[in-house]
Protein chains: 2
Amino acid sequence: MQGAVFDEDTGKVLVVQDRNKMKNAWKFPGGLSEPGEDIGDTAIREVLEETGIKSEFKSLLSIRQQHGAPNAFGKSDMYIICRLRPLSFHISFCPHECLKCEWMNLTDLAQTDDTTPITHKVANLLLYGHREGFEKVDIAMQELPSVYVGLFYKLYHRELPELYENIARMD
Amino acid sequence: MQGAVFDEDTGKVLVVQDRNKMKNAWKFPGGLSEPGEDIGDTAIREVLEETGIKSEFKSLLSIRQQHGAPNAFGKSDMYIICRLRPLSFHISFCPHECLKCEWMNLTDLAQTDDTTPITHKVANLLLYGHREGFEKVDIAMQELPSVYVGLFYKLYHRELPELYENIARMD
């Protein structure tokens, strides 16, 4: 999971450069889920651990599935990027994981060559959302009760207009 | 993974009822991914095995994450519903898995009470897409080259207008 922490007021987005990489590409902070952890909770926790920034979940932005990558233990990996809203702004980054960490202008991130193709793509999605409304890029989330009493699940999909949300079921 | 196989020409969608369930709810056919299998490939394979219908991948429609369900081996499960287009129409369903299988009018599926909450929600998404354009509901897919030579990955996100796709990177 990765968290794209975007501040709508300043137009800045939180980016890091990893330690010990050949190319110092700007990326969104993130890491692996713990077993049983929610997608959004992982993104929020990893952002906090890596950068010291507190945030809240807004939506999913992008999902990557990749097979057979050298560092993936022979498995397919699902890599999900969430849109987060910052709740704090003072960076205190983890020096073991990060070489650099900063609030960067989103337009600069969308234009720089010092980034990964996926970060570039998500920067463009954020720019589109920031300029024309995040309902154009969000994969929104709802929490719903499971058939198992006391359990809930989270469902991610495009927003439905109220007309279509409320199609009557015959009871 | 599940496959919502929808035929735009007739307005019908492929649904099944599982064997050995307490309540005979209409659902989309589907099943578990094999290790290393693509999301869309799983949906297409499971639909074919369960119902005999051939189909092609169009988009993701919805993602559910659930924790601690009784039949999930103590793990969190990710459950993804794909929109598929039928390439054949003659049903030949697997009697070990299915009690019934049919092409149902999408409007009937959206209104019936004999279904699961997630199938109901996805029926509403399909109805919205069918009436107002599938670009309103699709989480679209792109295949892109990996940094590892010869490998590709698939990236799922909302469609970006060309203006935002082509923001120049400084090379």
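Two salt bridges are found across the interface of chain B and chain A in this predicted model. One of them pairs the side chains of K121(B) and E165(A), with a distance of 2.8 Å from N to O. K121(B) lies in helix 3 of chain B and E165(A) in helix 4 (residues 162-165) of chain A, so this pair joins two chains. K121(B) is buried, at 10% relative accessible area, whereas E165(A) is partly exposed, at 26%.

Polar contacts also cross the interface. Between chain B and chain A, 28 residue pairs are in polar contact, both residues being at pLDDT 80 or more. On the side of chain B that touches chain A, several elements each supply at least two residues: strand 3 (55-66), strand 4 (77-86), helix 2 (106-111), helix 3 (117-132), strand 7 (152-157) and helix 4 (162-165). Helix 3 of chain B gives the most to this side, with ten residues. By class, the side of chain B that touches chain A has 28 nonpolar, 16 polar and 16 charged residues.

The contact draws 60 residues from chain B and 60 residues from chain A. About 5300 Å² is buried between the two chains. Carbon and sulfur atoms give 55% of this area.

Over all chains, the salt bridge count comes to 22. Within chain B, R45(B) takes part in two of the pairings described here. With E37(B), the closest N and O atoms are 2.7 Å apart. With E46(B), the corresponding separation is 3.2 Å. R45(B) counts as buried, at 18% relative accessibility. E37(B) is buried too, with a relative accessible area of 14%. E46(B) is likewise buried, at 8% relative accessibility. In chain A, a network of salt bridges links E34(A), E37(A), R45(A), E46(A) and E49(A).

D138(A) sits in the loop between helix 3 (117-132) and strand 7 (140-145) of chain A. Its relative accessible area is 12%, so D138(A) is classed as buried. The side chains of D138(A) and S59(A) are joined by a polar contact of 2.6 Å. Neighbours within four places in sequence aside, D138(A) is in contact with S59(A), L60(A), L61(A), R83(A), R158(A) and R158(B). This list includes a residue of chain B, R158(B).

The structure holds zero disulfides over all chains. In chain A, the sulfur of C98(A) has its closest cysteine sulfur in C101(A), 5.8 Å away. C98(A) is buried, at 0% relative accessibility. In chain B, C101(B) is in no disulfide, and the nearest cysteine sulfur, that of C98(B), is 5.8 Å away. C101(B) also counts as buried, at 12% relative accessibility.

Conventions
Residues are numbered from 1 along each chain as its sequence is written. Chains are lettered from A and ligands numbered from 1 in the order in which they are written. This is a predicted model: local features need pLDDT of at least 70, side-chain atom pairs count only at pLDDT 80 or more; totals for chains, interfaces and linings use all residues. Side-chain values use heavy atoms; hydrogens and water are left out. A disulfide is a pair of cysteine sulfur atoms within 2.5 Å. Buried means under 20% relative accessible area, exposed over 50%, partly exposed in between (1.4 Å probe, protein chains only). Contact means heavy atoms within 4.5 Å. Buried area is the accessible area (1.4 Å probe) that two parts lose on being put together, summed over both. A salt bridge is a side-chain nitrogen of Lys or Arg within 4 Å of a carboxyl oxygen of Asp or Glu. A polar contact is a pair of N or O atoms within 3.5 Å; within protein, one must be able to donate a hydrogen and the other to accept it, and residues adjacent in sequence count only if both atoms are side-chain atoms. Helices (H or I, at least four residues) and strands (E, at least two) are DSSP runs, numbered from the N terminus. Ala, Val, Leu, Ile, Met, Phe, Trp, Tyr, Cys and Pro count as nonpolar, Asp, Glu, Lys and Arg as charged, and the others, Gly among them, as polar.
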